[in-house]
Amino acid sequence: MNGGTFTAKPKPGGSLFASLRQGEFWALWAPQFAVFLFLLFFYAFGFMKLPSICVILSGIFFMIAGVLFAFRKEGRTFLPTSMLLPVAVAAGSVGGLYVYDVYAIYPQFYSNARVYTDVLASQSAEAVADAGKLIFTDAAYVDRPHSVSYITERGSVFCVAPVRDSGNAVEIQYWAVGTGCCSASGDFWCDDSKDSKAKGGIVIFDNEGFFSGSSYDEFSKASRKAEATYQLLSVHHPRYLRWVNDDDLNRVANEYNLKAGLSLTACTMAYAVLSGGPLRFDGHDLPTSLAGKMTSSAPEHASWFELRRDGRSLKSSDLVEEAVYHFEYLGPEVAEAQSQMTMAGAEPEDPEPLPAASTAPASASTARWRITGGADKGGIIVRQSESLKSPELGRVSTGAIVEEVARVGERLCYRLEEGSGPAKGWVSIRVSGKELVEKIAS
């Protein structure tokens with residue numbers, strides 16, 4: 001199949017929603033989105049136990065993208081997929097690592113830590129160093145009158161209040177903490193601290209993450225301020241706690257799980273829209289018969305065909321009205337050259353405009369030829385370039401009139417004026433002493 005014409009009817013609207021109805025959109029979008037989604041969740045919930053596996057998986061997907069690029073000529077979707085896949089791998093890996101580091105890591109901390117009961121407020125904090133949740137004795141309470149707030153440079157307010165019991169302990173082992181829930185000094189209402197029945201404490205973990213640290217350092221500064229304000233004495237490494245009811249020890253883990261879920265949802269939706277934008281197709285109706293002809297002989301090389309109208313190369317976005325268009329076979333050499341130019345960021349130049357079959361006769365100074373050979377075969381062979389080994393474009397009909405574009409020895413490059421066959425190509429003037437074309441004017 002070397003060329004032909006068809007009537008294109010533009011589809012109304014070129015939105016992303018129109019693209020969702022096209023199979024080609026899903027063939028390109030779905031695989032890379034699946035990779036993004038897999039890595040996003042794998043990093044978010046698996047990085048703590050399997051960090052090396054996460055990195056290896058990212059590397060494997062990068063390698064797959066490289067293989068697809070190396071074999072880009074073998075499949076129509078290989079080249080675009082090889083370009084989209086690295087973006088999906090990077091976005092999924094970084095996004096998942098961010099969600100893990102800022103939110104998802106803390107519920108895993110609590111699931112791995114121990115729960116201690118009947119803890120005395122005067123008991124050494126080092127004795128429960130591996131605790132994630134504590135239940136104190138009935139004598140424990142939050143000493144709200146000795147609370148203070150610490151304000152950071154960014155305006156965040158961190159609150160602390162000592163946890164005491166009926167004993168006369170010299171040093172403070174535990175501090176109840178919160179954010180934005182206290183006055184400058186002497187009033188503290190964080191979590192369930194005002195409930196006399198609340199005896200539970202959720203440990204605040206320290207975490208110097210990749211993207212964001214915990215609030216442990218700010219609570220330490222606030223406790224030192226309380227010591228100075230009320231002449232208190234605290235141990236070097238106290239435990240900072242969220243003070244809650246005994247049956248609500250999963251409150252902090254649930255809060256972080258909710259934040260992790262919302263972040264994953266936001267990342268997924270944002271990437272789905274952003275990755276779909278570059279794949280938007282405005283699309284035009286191609287008759288099924290034409291699509292079959294263009295791809296029946298080489299369906300994986302549909303990019304070797306070019307749409308043209310009035311001698312100029314067209315993009316699908318140029319099909320703005322119902323009209324007759326011409327498609328021309330380019331061959332692998334031309335398609336590869338244009339692909340490399342596009343990857344380099346350059347726009348391929350339009351080939352020199354081809355005259356339509358009804359073009360007016362050439363001027364007297366231009367050589368014109370008549371095809372005389374191939375009467376028994378429907379014409380003579382036309383090739384893409386001067387080389388006899390270049391791809392065949394078809395046959396130009398016997399009796400056709402062509403205009404000379406270039407001549408190298410016994411090879412003639414022509415433009416078609418009258419007759420049927422490829423609009424442009426190379427033919428032999430004679431073969432084995434037999435004339436295939438004859439000069440009729442100049």
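Good morning. I begin with helix 4, residues 78-112, which has 35 residues, yet its end C-alpha atoms are only 44 Å apart, short of the 51 Å that a straight helix would reach at 1.5 Å a residue. That expected span is 1.5 Å times one less than the number of residues, and helices here are DSSP runs of H or I with at least four residues, strands being E runs of at least two, numbered from the N terminus.

This is a predicted model, in which local features need pLDDT of at least 70 and side-chain atom pairs count only at pLDDT 80 or more, while totals for chains, interfaces and linings use all residues. Residues are numbered from 1 along each chain as its sequence is written, and side-chain values use heavy atoms, leaving out hydrogens and water.

Where does helix 4 bend? The bend, about 55°, is at Ala 104, and Pro 107 follows within four residues; the angle is taken between axes fitted to the seven residues ending there and the seven starting there.

UniProt, in an unreviewed entry, lists residues 25-44, 50-71 and 83-106 as "transmembrane region"; such annotations may be inferred rather than shown by experiment. In the model, residues 83-106 are 100% helix, with end C-alpha atoms 35 Å apart. Residues 25-44 are also 100% helix, and their end C-alpha atoms lie 28 Å apart.

Helix 2, residues 23-46, holds both Trp 26 and Trp 29, three residues apart, about one turn of the helix. The structure holds 20 aromatic pairs, counted when ring centres of Phe, Tyr or Trp (its six-membered ring) lie within 6.5 Å, with planes under 30 degrees apart stacked, over 60 edge-to-face and the rest tilted. The rings of Trp 26 and Trp 29 have centres 5.5 Å apart and planes at 85°, so this pair is edge-to-face.

Finally, which element gives the largest share of the lining of the second largest pocket? Helix 4 does, with five residues. Thank you.
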